[in-house]
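Visitor: Could you take me closely through the salt bridges of this model, and through how open to solvent their partners are?

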Amino acid sequence: MPATMSMATVELPQRLLSIKEYDAMIEAGILTEDDKVELLEGRIVAMSPSGPSHAEPISLLNELLVKQLDESRQVRPQCGIELGERSVPEPDLAIVHRRGYRERHPNDPD
């Protein structure tokens, strides 16, 4: 390309995803556990890798919390939680009501 030519950039509008659409992408195999992503405010965002200096304190805190909670609560380490209609973050630890979560992630009330 000659030095006098430049590439024009065009910003395209973004379309935000719902949790339902995100889950459908997982069900269809478009996204897998190997992708290491989460849905935040309707956008698929790459998660930072967890090295030993991060993982060790999370493991220790998890053990401590599990010992402190009664039977009505549980600790969910690095598992998705639904917040609103467009976010499924995977926090290091979440304390939620003890319920069956085989069909859905915990959400705001949990």
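Guide: A residue is called buried under 20% relative accessible area, exposed over 50%, and partly exposed in between. The model is a predicted one, and Arg-99, at a relative accessible area of 42%, is accordingly partly exposed. Arg-99 forms a salt bridge with Asp-110, the closest N and O atoms being 2.2 Å apart. Because Arg-99 and Asp-110 both lie in the segment after strand S4 (93-97), the pair ties together parts that are 11 residues apart in sequence. Asp-110 itself counts as buried, since its relative accessibility of 11% falls under the 20% limit.

Asp-110 also forms a salt bridge with Arg-104, where the closest N and O atoms are 2.8 Å apart. Arg-104 has a relative accessibility of 34% and therefore counts as partly exposed. Taken together, Arg-99, Arg-104 and Asp-110 are linked in a network of salt bridges, in which the buried Asp-110 is paired with Arg-99 and with Arg-104.

Three salt bridges are counted in the model, and one of them joins Glu-21 to Arg-15, with the closest N and O atoms 2.4 Å apart. In this pair Glu-21 is partly exposed, at a relative accessible area of 27%, whereas Arg-15 is exposed, because its relative accessible area of 57% is over the 50% limit.

Notes:
Residues numbered from 1 in each chain as written. Predicted model: local features only at pLDDT ≥ 70, side-chain atom pairs only at ≥ 80, totals over all residues. Heavy atoms only, no water. Salt bridge = Lys/Arg side-chain N within 4 Å of Asp/Glu carboxyl O. Buried < 20%, exposed > 50% of the residue type's maximum accessible area, 1.4 Å probe, protein only. Helix = DSSP H or I, 4+ residues; strand = E, 2+ residues; numbered from the N terminus.
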